[in-house]
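Here is a short briefing on one protein model. Keep the structure open as you read.

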Amino acid sequence: MSGALRLSGHAKDLGGGFTVRRLLPAVQCRSVGPFIFFDHFGPVSVVPGAAHDVRPHPHIGLATVTYLFSGAIMHRDNLGYVQQIEPGAINWMTAGKGIVHSERRPESLAETTYVNHGIQLWAALPVAAEEADASFVHTPAAAIPEVQVGDAVVRVLIGTAFGQTSPVATYAPTLYLDVQLPAGGVLELPAALAQEMALYPVDAELLLDGEPLPDHTLAVLPAGAAAAPVRLQAGDSAVRLMVIGGDALDGPRHMWWNFVSSRKERIVQAAGDWEAGRMKVVPGETEFIPLPEHRFRAD
């Protein structure tokens, strides 16, 4: 694992006792391919009355990518989409010029205790697509290709790998894999899968080129000329790992709160639009998350 950067992340309290592990952005690494944000949430038990709902809030300039290992989340947005997010599906929401959405407990589970566990990523849109029309696309679990590669079961969530291509459409070359290895299982990950690449053991330690990589650690692999195939091996227990990557971003991005843009003034504009109530609301919802007290400055 020579040259791989390890990121252990930090805990981030989203309110209501809901804490996530945030791996990106980090001081040492702002992005991997198009991905600029990586949250691992759970496993957390959601009990009746728990305040884990995320009230309506806005985004610009990015796409959110939500993937569950277990549980359920009800997505609603100001385009009128209502979609229950369930394990194994990919939910790609393009914010583009602006979208508002909420993430709540499904009403059908209001009196049920269940476990939410998953990953949320943000992908920065290419500069030419930052102001694209907003959209939401749900790709069910059954439509995601799955392939046996040696000991490993690989689900190709986004992009192309091991002869399989995901149906999820993106704005730039993007890679996202869900890999499961049995105890002692081995997988060789080709360097050619993506220009930039990182991997994250979700639930157990992994051997990366023979060196231990603890769970909940994002290993950012060397890019460019330093890139080389890596050998992944599970230890005494099975391991699930996520692989993210893609082409490098086409220039720096500014990120403040839920807004991403190549232009600082665009973030200021979005903040003003949200504060003044100029963004279309989610049908049937009156709550909202206000802007943070600490404001973004373009100078």
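A residue counts as buried when its relative accessible area is under 20%. By that cut-off, both Y67 and F69 are buried. Bear in mind that this is a predicted model.

**Aromatic rings**

- Eleven aromatic pairs are counted in the model.
- Y67 and F69 make an edge-to-face pair, because their planes stand at 90° with the ring centres 5.7 Å apart.
- Y67 also pairs edge-to-face with Y176, at 6.2 Å centre to centre and 70° between the planes.
- Y67 has a relative accessible area of 1%, so Y67 is buried.
- Y176 is buried too, because its relative accessible area is 0%.
- One aromatic cluster is formed by F35, Y67, F69 and Y176.

**Nonpolar cores**

- Which residues touch the most other members of the largest nonpolar core? They are F38, Y176, L218 and I244, in a core of 31 residues.
- Strand β6 gives the most to this core, with four residues.
- A second, separate core has 29 residues, including V179, L199, L213 and L241.
- Y176 has contacts beyond its neighbours within four places in sequence; among them are V65, Y67, I90, I119, L121 and R155.
- Further contacts of Y176 include V156, L157, I158, M242, V243 and I244.

**The largest pocket**

- The largest pocket holds about 1,000 Å³ of space.
- It is lined by 40 residues, and the closest to its centre are L14, R22, D39, V54 and N258.
- Several strands each supply at least two lining residues, including β2 (10-13), β3 (19-24), β5 (54-59) and β25 (254-256).
- Which strand gives the largest share of this lining? Strand β4 does, with five residues.
- By class, the pocket lining has 19 nonpolar, eleven polar and ten charged residues.

- The model has two cavities of 30 Å³ or more.
- The largest cavity has a volume of about 50 Å³.
- Its lining includes P34, W92, L125, P126, Y171 and T174.
- That lining has eight nonpolar, two polar and no charged residues.
- The second largest cavity has about 40 Å³ of space.
- Residues lining the second largest cavity include T64, H75, N91, H101, E103 and F136.
- Strands β6 (62-70), β9 (90-94) and β10 each supply at least two of its lining residues.
- This second lining has three nonpolar, six polar and one charged residues.

**Backbone details**

- Most residues other than glycine have a negative phi, and most peptide bonds are trans.
- How is the peptide bond between L24 and P25 arranged, cis or trans? It is cis, with omega about 0°.
- P25 falls in the loop between β3 and β4.
- A cis peptide bond also runs from G42 to P43, with omega near 0°.
- P43 is in strand β4.
- D209 is not a glycine, yet its phi is positive, at about 50°.
- D209 lies in the loop between β20 (206-208) and β21 (211-213).
- The relative accessible area of D209 is 36%, so D209 is partly exposed.
- W257, another residue other than glycine, has a positive phi near 55°.
- The loop between β25 and β26 (259-261) holds W257.
- W257 is partly exposed, because its relative accessible area is 23%.

**Helix α1 and the segment after it**

- D273 belongs to helix α1 (residues 264-275).
- Is D273 buried or exposed? D273 is buried, because its relative accessible area is 18%.
- Not counting residues up to four places away in sequence, D273 touches R278 and M279.
- P283 lies in the segment after α1.
- Where P283 and V82 are concerned, the C-alpha atoms are 9.9 Å apart, although 201 residues separate the two along the chain.
- Leaving aside neighbours within four places in sequence, P283 is in contact with D77, N78 and G80.

Key. Residues are numbered from 1 along each chain as its sequence is written. This is a predicted model: local features need pLDDT of at least 70, side-chain atom pairs count only at pLDDT 80 or more; totals for chains, interfaces and linings use all residues. Side-chain values use heavy atoms; hydrogens and water are left out. On a 1 Å grid over the protein atoms alone, a cavity is a set of points where a 1.4 Å probe fits but cannot get out, and a pocket is an open set with protein on both sides within 12 Å along at least five of seven lines; lining residues have an atom within 4 Å of a point. Grid points are joined across faces, edges and corners, and a volume is the space filled by probe spheres set on the points. Ala, Val, Leu, Ile, Met, Phe, Trp, Tyr, Cys and Pro count as nonpolar, Asp, Glu, Lys and Arg as charged, and the others, Gly among them, as polar. Buried means under 20% relative accessible area, exposed over 50%, partly exposed in between (1.4 Å probe, protein chains only). Contact means heavy atoms within 4.5 Å. A nonpolar core is a set of buried Ala, Val, Leu, Ile, Met, Phe, Trp, Tyr and Cys residues joined through side-chain atoms within 4.5 Å. Rings of Phe, Tyr and Trp (its six-membered ring) pair if their centres lie within 6.5 Å; planes under 30 degrees apart count as stacked, over 60 as edge-to-face and the rest as tilted.
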